[in-house]
Amino acid sequence: MIGSEITRRAFAGAIAACGLSAADDGWVELFDGRSLAGWRPGENRSSWKVADGQLVAGGPRSHLFYTGPARGADFRNFELAVEALAPPACYSGIYFHTA
């Protein structure tokens, strides 16, 4: 991402672009790197896009929920690995096990 221009609020879901099968190391990919398939914006759908294989948010506040097929989107006893880039003064976060 060095040298890339991003919006004021970006979530770079660099959880690779290899489909949803379990990798040899046991990790399950949740993002295909090409589309929002398996993800649902909670509001302001236009705030989300996929750019350069990453999830990018910009515009009015919006949450993005995983609704894909991996484990029926019901995760327990897991480890989450994320690479994220957030410029100064942005408002961003990752939530799990929330109502």
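Two remarks on conventions. Residues are numbered from 1 along each chain as its sequence is written. Because the model is predicted, local features need pLDDT of at least 70 and side-chain atom pairs count only at pLDDT 80 or more, while totals for chains, interfaces and linings use all residues; side-chain values use heavy atoms, with hydrogens and water left out.

I turn to the chain as a whole. Its average pLDDT is 77, and 76% of the residues score at least 70. The secondary structure consists of zero helices and four strands, in the order β-β-β-β from the N terminus. Helices (H or I, at least four residues) and strands (E, at least two) are DSSP runs, numbered from the N terminus.

Of the 99 residues, 26% count as buried. Buried means under 20% relative accessible area, exposed over 50%, and partly exposed in between (1.4 Å probe, protein chains only). The accessible surface comes to about 6900 Å², and carbon and sulfur atoms account for 52% of this; the areas come from the Shrake-Rupley method with a 1.4 Å probe, and for residues only the protein chains shown count as cover. Among contacts between residues at least 6 apart in sequence, 48% join residues at least 24 apart.

Next, the loop between strand E1 (39–41) and strand E2 (48–51), where Ser-47 lies. Is Ser-47 buried or exposed? Ser-47 counts as buried, because its relative accessibility is 2%. Its side chain reaches the backbone oxygen of Pro-60 at 2.6 Å.

Gly-42 is found in the loop between E1 and E2 too, and at 38% relative accessibility Gly-42 counts as partly exposed. Leaving aside residues up to four places away in sequence, Gly-42 touches Ser-62, His-63 and Phe-65. Between Gly-42 and Arg-61, 19 residues apart in sequence, the C-alpha to C-alpha distance is 9.5 Å.

Backbone angles deserve a comment. Most residues other than glycine have a negative phi. Asn-44, in the loop between E1 and E2, has a positive phi near 50°. Asp-52, in the loop between E2 and E3, also has a positive phi, of about 55°. Asn-44 is partly exposed at 36% relative accessibility, whereas Asp-52 is exposed at 76%.

How many salt bridges does the count come to? The count is one, where a salt bridge is a side-chain nitrogen of Lys or Arg within 4 Å of a carboxyl oxygen of Asp or Glu. Asp-74 and Arg-76 form it, with their closest N and O atoms 3.4 Å apart. Asp-74 is partly exposed, at 45% relative accessibility, and Arg-76 is exposed, at 59%.

Finally, the surface. Phe-78, Leu-80, Val-82, Ile-94 and Phe-96 make a nonpolar patch of about 410 Å². Patches are made of residues with over 30% relative accessible area and no salt bridge; like charges are joined within 9 Å, and nonpolar side chains (Val, Leu, Ile, Met, Phe, Trp, Tyr) within 5 Å. Leu-80 lies in the segment after strand E4 (64–66) and is partly exposed, with a relative accessible area of 41%.

Technical notes: Polar contact = N/O pair within 3.5 Å; in protein donor to acceptor, adjacent residues only side chain to side chain. pLDDT = per-residue confidence, 0-100. Contact = heavy atoms within 4.5 Å.
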